[in-house]
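Let's take a walk through this one together.

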Amino acid sequence: MLLAILSGFLIAICLLFLGKQLKGNLPLAVSILPITLFVYFCTFLPGIGEGQTFFQHIPWIPSMGIHLDFKLDGLSLLFSLLITGIGSLVFLYSSSYLKGHIYIGRFYGYLCVFMASMLGVVLSDNLLVLFVFWELTAISSFFLIGFNNDNEASRKSSLLAWAITGGGGFFLMAGFILIGNVSGTYSLQEMLSSSELLKSHFLYAIMLFLIFAGAFTKSAQFPFHFWLPGAMKAPTPVSAYLHSATMVKAGIYLIARFTPILGNHPYWNNTLLIVGGITMVYGAFHSIFRIDLKGILAYSTISALGILVFLLGIGTHDALLAASVFILVHAFYKAGLFLIAGVIDHETGTRDVSQLAGLRKVMAPLAIAGGLAALSSAGIPLTLSFVSKDLIYEATLNSGNSALLFTLIAILTNIFLSYSGYLAGIKPFVGSLPAKFSEVHLPSGFMWLPPLFLGLGGLLFGLFPSLLDSSLIQPVIHAMGANDTVVSLKLWHGFNTVLMLSALTIVCGIILYLILKPSLKRLNAIGKLDSFSPQTIFMSLAKGTKFIALRYTKFMHNGFLRSYLTKIIFFLVCLIGYYLIRNVDIQLYTDKHTAISMYEAIVFSIMIVAIFTIVFSPSRFVAIISLSVMGYCMCLFFVYYGAPDLAMTQFTIDTLTTVLFVLVLLKLPPYLRIKDKAAQVRDGFLAGAFGILISVIALQVLNEPTNKNISRFYADNAYLLGKGKNVVNVILVDFRGYDTLVEITVLTIAAIGVYSMLKIQSSEIE
Amino acid sequence: MKIILLKTAANYLLPLLLLFSVFILLRGHYEPGGGFVGGLIASIAFILHSLANGLDSTKALLKYSPFYFIPFGLSIAILSGLAPLFVGEPFMTVLWFENPLPVIGLIGSALFFDIGVYLVVIGVTLTILFTISESV
């Protein structure tokens, strides 16, 4: 499994080098990858159907409990098949859609990275590994949305999508760490047994909040849904693949994965019900106002994701079953509709449904595919979608107290969704063909075969749903915790309430389609509500953040070293001073101190003189020399108290600092007395406070009982283990050699920093 | 700003100080000293030379830009840390030669680590000081 995941990354890297050589053959060559993976995952079907799960364990960072653990069970397999199956079609489709595009190699590279990371998300058993892949999907999505990077709207949309999903990622990481800490493991498999512990933990609500924040942003749930319509700026195959069939379902996957661990708790169910319920109605309602094909599909996707969250929120076995079938159904028809929209856009140059009509005359096979997809989305009998719709109604009807309400909003959503399905799949193909489209012709088979294939697939599984039930769907819901359910999917359930509701949905959908024609006027009407939409609120928040950041930067980073120093010292004085006054019993006994010797008195008086010279000298040069006198005096103290290493280092450093000062001095303006009395007082006060603070700390440290164990260890073992007599040096190169290694690396970085800053600056001036 | 006295002194002091810095570096394991201080002393030697003779002549003397000392020293330090891996010991274990060398004494991989530190310190100090004195 590791190889299956990594292969995408490896191919993406190879594309960097081979992209030029392969040229026209590249797309087809790369398409072998998803097809191979699809076949590979299909070979697991029999085993999974028998109730097996497959594990792979590779230790990675054992000390932190992070292993490359992969687990393939029903849920993972369903998603893996979707990722590689839809992936194969999208890879083939794009070969024709982006034919001759200058960056086609790059495009396939991103797609491979995305596919690999998505597989990683659904196969990882370790939460932290899952998180890494989770973020990688967001990164590849960012690049794919902004693929047309010369278009400003594309760039903005990709940034928005990144901001939302990446922001959710932060919460998710916190949630994972919290769950990992509470349950004591990062393995999802092992977490199953600590489900009760997690649910009764007092931080349970926070865990839920964090996990949901990640899942809802990824899966475009209200109020974070608005990045998804923006993401439609991506090339259409990307929309079909990432933003409808797979990536946006990662959030659904996560919720489903956590259902047996965190689920079945009022907080869990109610949150999902409310958010999912709002999203499904909101998205479906919005979709009927759109006239852009991809806009319609984007909003109906949001609604479908809402349905999934809603079903997971109901949480009964019926609902889990409905959700798992719906994941499959939705991928079939929505990816199909997206691919069709892509063909239409590619050939006619427009996606405006109010203009598109009669295309069946020029693109017959595509019209069949569109019809199949639209029927599928409406849940007409004989399609798999019909089965799924039945299951949804069955789930809502049996959901207990609020069954009536749930069923009503489910019906409402489904009516809207079937309307938007007709709009996207049928409307462009019926009616009379406008003259301007008469020249339109069917593109290459790579573009119309995939949607047709998906449409026929929906039909095939609709006619024979038993192909799926025990082989795939049953393991899926077993993975979600419904261990004892035997799934048997049937097309015909007999005359009952569910059938009536299905019929009602279909009839209402058709009526709505007949009376409501897409028009710009209605789009504008709903546009008026935009000022209250979450997007507007988010954008104004973003603007506010920018404004505050600007103000903050102006204040804190004004470019004056003296202002930085003032702020840093001021902050330190406040912080440490506060701590000292509040928490430390300050005892400044002098009786413990040794008597002052002659040497000390002399050195001390030299220092006093030097200090006054520094403060009151009108010349910079004198001040600097006095400063180095101070430094040398300190060295003398070190020598006197038996720290020769320290003294040597201090001595050389002081020499170099003085040289440095003198070098800079030449270019500084002549020294001016600070005229501003207030500034003088302020600086004097700050310096005095800081000095007193440090002195108090130094004296206080003497009162603290010291732990001599560490220094004794070093002293005792320096010769035995390090074979050196100079303890300081043995610590530096042996005991704490790591530190030294990192320190010299930091020094290197500092040197590179100074070098590049000064060199770039001086070359700019020239 | 050329002062004959300083110039003459610096020319003699440079080799002496460099020797002294190597001495400090080598004795580090037993007596006060080590790579860090040694490196600083060597830098002071070059700085003194450049103050007396001008930056260009010091650069000519060095032949290579002091910047190259940094990666060189870092690699020596890291390699000395990696060396124990080849004999199956953990990273950064100090290895020792069995017999002491004349004059220098017993040699271990810690010495090479210290030489790396020495070179990095020279490189960093000189790079920073040379860059500043060139650009101000």
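What follows goes from the interface to a helix pair, a salt bridge and a loop.

A quick word on ground rules: this is a predicted model, so local features need pLDDT of at least 70 and side-chain atom pairs count only at pLDDT 80 or more, while totals for chains, interfaces and linings use all residues. Residues are numbered from 1 along each chain as its sequence is written, chains are lettered from A and ligands numbered from 1 in the order in which they are written, and side-chain values use heavy atoms, with hydrogens and water left out.

Start with the interface. Here 39 residues of chain A are in contact with 43 residues of chain B, where contact means heavy atoms within 4.5 Å. The two chains bury about 3,700 Å² between them, 80% of it on carbon and sulfur atoms; buried area is the accessible area (1.4 Å probe) that two parts lose on being put together, summed over both. On the chain A side, the elements giving two or more residues are α28 (644–665), α30 (709–722), α31 (727–735) and α32 (737–765). Helices here are DSSP runs (H or I, at least four residues), as are strands (E, at least two), numbered from the N terminus. It's α32(A) that gives the most, with 15 residues. By class, this side of chain A has 21 nonpolar, 12 polar and six charged residues; Ala, Val, Leu, Ile, Met, Phe, Trp, Tyr, Cys and Pro count as nonpolar, Asp, Glu, Lys and Arg as charged, and the others, Gly among them, as polar.

How many salt bridges cross between chain A and chain B? The rule finds zero, a salt bridge being a side-chain nitrogen of Lys or Arg within 4 Å of a carboxyl oxygen of Asp or Glu. Over all chains, though, the count comes to six.

One salt bridge joins the side chains of Arg257(A) and Asp73(A) (2.8 Å, N to O). Arg257(A) sits in helix α13 (residues 249–262) and Asp73(A) in the loop between β2 (66–72) and α4 (74–97), so the pair ties together parts of chain A that are 184 residues apart in sequence.

Now for a helix pair: α17 (residues 364–378) and α19 (residues 403–425) of chain A pack at an angle of about 175°, with their axes 8 Å apart. That makes α17(A) roughly antiparallel to α19(A), a label for angles over 145 degrees. Among the residues making the contact are Gly370(A) and Gly371(A) of α17(A), and Gly421(A) and Gly425(A) of α19(A).

Finally, look at the loop between α10 (204–218) and α11 (227–231) of chain A, where Pro223(A) is found. The peptide bond from Phe222(A) to Pro223(A) is cis, with omega near 5°. Ala220(A) is in the loop between α10 and α11 too, and has a positive phi of about 50° although it is not a glycine.

Technical notes
Axes are lines fitted to C-alpha atoms, for helices over the stretch in contact, and angles run from 0 to 180 degrees between N-to-C directions. Angles under 35 degrees count as roughly parallel, over 145 as roughly antiparallel, 65 to 115 as roughly perpendicular and the rest as oblique.
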